Amino acid sequence: MKIDGTSYRSVWVDEQDGWTVRILDQTKLPWSVDILRLSDVAAAAHAIRSMQVRGAPLIGAVAAYGLCLALRVDASTAAMERDAAMLAATRPTAINLRWALERMLARLRPQAASARAEAAYREAAAIADEDVAMCAAIGRHGVGLIAERAAGGRRVNVLTHCNAGWLATVDWGTALAPIYMAHDQGIDVHVWVDETRPRNQGALLTAFELGSHGVKHTVIADNAGGHLMQHGMVDLVIVGTDRVTRSGDVANKIGTYLKALAAHDNAVPFWVGLPSSTIDWTVDNGVKEIPIEERAASEVTTVTGRGMDGAVSTLRVTPASSNAANPAFDVTPARLVTGLITERGRCAASAAGLRGLFADLGRDAAEP
Ligand code: MRU
């Protein structure tokens, strides 16, 4: 996708600079477009942990490239397993991180150490390219949900939570891919963007992305969605996800569950966009089994923004003595999800729905 007319992916390799890895520093957006150079595995791990890169598919791709950087230093089996484990431990909820690293290890373990770095770059590039293709397919399979509500040139209002756009993937995005395609087809689509406290991925990143692409949007406080739904101002909700269980439960950014409850109460369709790399075939009950990342309390007690003088700064918004808790994700049970939009088409958020599209995947996972 483009920023100021220049096409970007959210991660790429600079072959002219010793095969180092480049990312857009998402902690700096939308105030400045800073490109970071990752030259070793520690920098890649730091980028994921500190959310310079974030979003489930993107952290999987960056972890894969992080392993490439590690193998250039030490390609022994012991070092490779150690570095992969270190990368996997950077963030616990998004399954794409583990998926990408397991895929890399499955490809690299049988190789001689001398061949591993080159093979790793090929596999990481395949992961990144496939993510782009999967997200574009999600867009194609999801755009009809918007088009069918646009009869007679009517405006379609979509609500989304967090950032599940191209910045959260390698390109296109998951939840936002159908929106970009609807916009590109001339459909009058407008997006309600949940600000997504505490880190404000909606207000900072989704609004930036949509604005850069010319998509009409309005940022709303996280608690406004239910009210808008009660008044017929939301036609459908589309969100992304960090992990979907084999039974269709959906882990996503904290607050997603409340939007699903409000959508259910108001008969607003609630759709989830995901590539198959986000399905955890080993997990059945999302509420009980998906690990929820607990992040620093300081993300809740402070906000970061740009002052009227142009300087970016962080302000405390709570009394100095108040404690804060910061669970970063929640789980929406499958019964509240209208359906899943995947690279192979749309399906019910259920074991049967997922098996219908992905009979070839997850065969080794234990069934209930
Ligand atoms: O904590 P983040 O910003 O990494 O969380 C991201 C989300 O929750 C996204 O909605 C999810 O990863 C879907 S990304 C296509």
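This is a predicted model: local features need pLDDT of at least 70, side-chain atom pairs count only at pLDDT 80 or more; totals for chains, interfaces and linings use all residues.
Side chains of opposite charge can pair when their charged atoms come close. The count of salt bridges here comes to 25. Those treated below include the pair of Asp 83 and Arg 82 and two pairs formed by Glu 293, with Arg 91 and with Arg 295.

**Asp 83 and Arg 82**
- A salt bridge joins Asp 83 to Arg 82, with 3.3 Å between the closest N and O atoms.
- Asp 83 has a relative accessible area of 8% and is therefore buried, the limit being under 20%.
- Arg 82, by contrast, is exposed, because its relative accessibility of 52% lies over the 50% cut-off.

**Arg 91 and Glu 293**
- The side chains of Arg 91 and Glu 293 form a salt bridge with an N to O distance of 2.8 Å.
- This pair links distant parts of the chain, its two residues lying 202 residues apart.
- Arg 91 is located in the loop between helix 3 (77-88) and helix 4 (95-108), while Glu 293 is located in the loop between helix 10 (286-289) and helix 11 (298-301).
- Arg 91 is buried at 6% relative accessibility, and Glu 293 is likewise buried at 6%.

- Through salt bridges that share partners, Arg 91, Arg 199, Glu 293, Arg 295 and Glu 299 are joined into one network.

Technical notes
Residues are numbered from 1 along each chain as its sequence is written. Side-chain values use heavy atoms; hydrogens and water are left out. A salt bridge is a side-chain nitrogen of Lys or Arg within 4 Å of a carboxyl oxygen of Asp or Glu. Buried means under 20% relative accessible area, exposed over 50%, partly exposed in between (1.4 Å probe, protein chains only). Helices (H or I, at least four residues) and strands (E, at least two) are DSSP runs, numbered from the N terminus.
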